[in-house]
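Please read them with the sequence and the model side by side.

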Amino acid sequence: MGISYVEFEDEAGVLRRYRKHVNGRGLVATTAKVDPTAFVDPTAYVDPGAEVQRGAQIGPGGWVEGDAIVAERAVVGVNAHIGRRAVVGRNAVIGPYATVGSDARVQNGARVPRELTVADGEEFRASGDDLRRLGLAA
């Protein structure tokens, strides 16, 4: 089976090419880096320049914008949105319908609640409960 591509025109009128990811069949820009062990739901998108690392999951309707990073074993929930140049740390969980703004940072192990918006440029810290869940706090 050959590689099939889908093309979209972005807001600037530039034609962007996406391919279906091997694990989940979600659409990944040809210039994005998505580890083969990451899962990208068939209804999710990973935009140009973004990176999705080993074991990460992009859920149904999830959207990772350009130059964002979703680190190892992080989870992007249903219809969650990761803004341009944002970073989602290792083992972090972005809840359903949550938004991580452009240039925002979500710490390793943090859990962003359902429908919460992390503003552009802000840092969302892991709570003590989040760290205990990962065995990183007493």
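The points below cover the sheet, the aromatic residues and the salt bridges.

1. Basis. This is a predicted model, in which local features need pLDDT of at least 70 and side-chain atom pairs count only at pLDDT 80 or more, while totals for chains, interfaces and linings use all residues. Residues are numbered from 1 along each chain as its sequence is written, and side-chain values use heavy atoms, with hydrogens and water left out.

2. The sheet. Eight strands are arranged in an open sheet with mixed pairing, in the order β1-β2-β3-β6-β9-β12-β15-β18. Its edge strands are β1 (5-9) and β18 (117-118), each of which pairs on one side only. Strands here are DSSP runs of E with at least two residues, numbered from the N terminus, and two of them pair if DSSP finds at least two bridges between them.

3. A parallel pair within the sheet. Strands of a sheet pair through backbone hydrogen bonds, either parallel or antiparallel. For β6 (residues 45-46) and β9 (residues 63-64), the sense is parallel, over 2 bridges. Val46 has Val64 in β9 as its bridge partner.

4. Aromatic pairs. A search of the whole structure finds 3 aromatic pairs. Rings of Phe, Tyr and Trp (its six-membered ring) pair if their centres lie within 6.5 Å; planes under 30 degrees apart count as stacked, over 60 as edge-to-face and the rest as tilted. Phe8 and Tyr45 make an edge-to-face pair, because their ring centres are 5.9 Å apart and their planes stand at 70°. This pair links distant parts of the chain, with Phe8 in strand β1 and Tyr45 in strand β6, 37 residues apart. Tyr45 also pairs with Tyr18: the centres are 6.3 Å apart and the planes at 90°, so this pair too is edge-to-face. Here Tyr18 in strand β2 (residues 15-20) and Tyr45 in strand β6 are 27 residues apart. Phe8, Tyr18 and Tyr45 form one aromatic cluster.

5. Is Tyr18 buried or exposed? Tyr18 counts as buried at 6% relative accessibility, whereas Phe8, at 32%, is partly exposed, and Tyr45 is partly exposed at 34%. The cut-offs are under 20% relative accessible area for buried, over 50% for exposed, and partly exposed in between (1.4 Å probe, protein chains only).

6. A surface patch. Phe8 and Tyr45 belong, together with Trp63, to a nonpolar patch on the surface with about 260 Å² of accessible area together. Patch members have over 30% relative accessible area and no salt bridge, and nonpolar side chains (Val, Leu, Ile, Met, Phe, Trp, Tyr) are joined within 5 Å.

7. Arg17. There are 7 salt bridges in the whole structure, each a side-chain nitrogen of Lys or Arg within 4 Å of a carboxyl oxygen of Asp or Glu. Arg17 bridges to Glu7, with the closest N and O atoms 3.3 Å apart. Arg17 is in strand β2 and Glu7 in strand β1, so the contact ties together parts 10 residues apart in sequence. The charged end of Arg17 also sits over the ring of Tyr5, 4.6 Å from its centre (the test is CZ of Arg, or NZ of Lys, within 6 Å of the ring centre and within 35 degrees of the ring normal).

8. A salt-bridge network. Arg54 meets Glu72 with the closest N and O atoms 2.9 Å apart, and Arg73 meets Glu72 at 3.1 Å, N to O. Through these shared partners, Arg54, Glu72 and Arg73 are joined into one network.

Notes:
Helices (H or I, at least four residues) and strands (E, at least two) are DSSP runs, numbered from the N terminus. Patches are made of residues with over 30% relative accessible area and no salt bridge: like charges are joined within 9 Å, nonpolar side chains (Val, Leu, Ile, Met, Phe, Trp, Tyr) within 5 Å. Accessible areas come from the Shrake-Rupley method with a 1.4 Å probe; for residues, only the protein chains shown count as cover.
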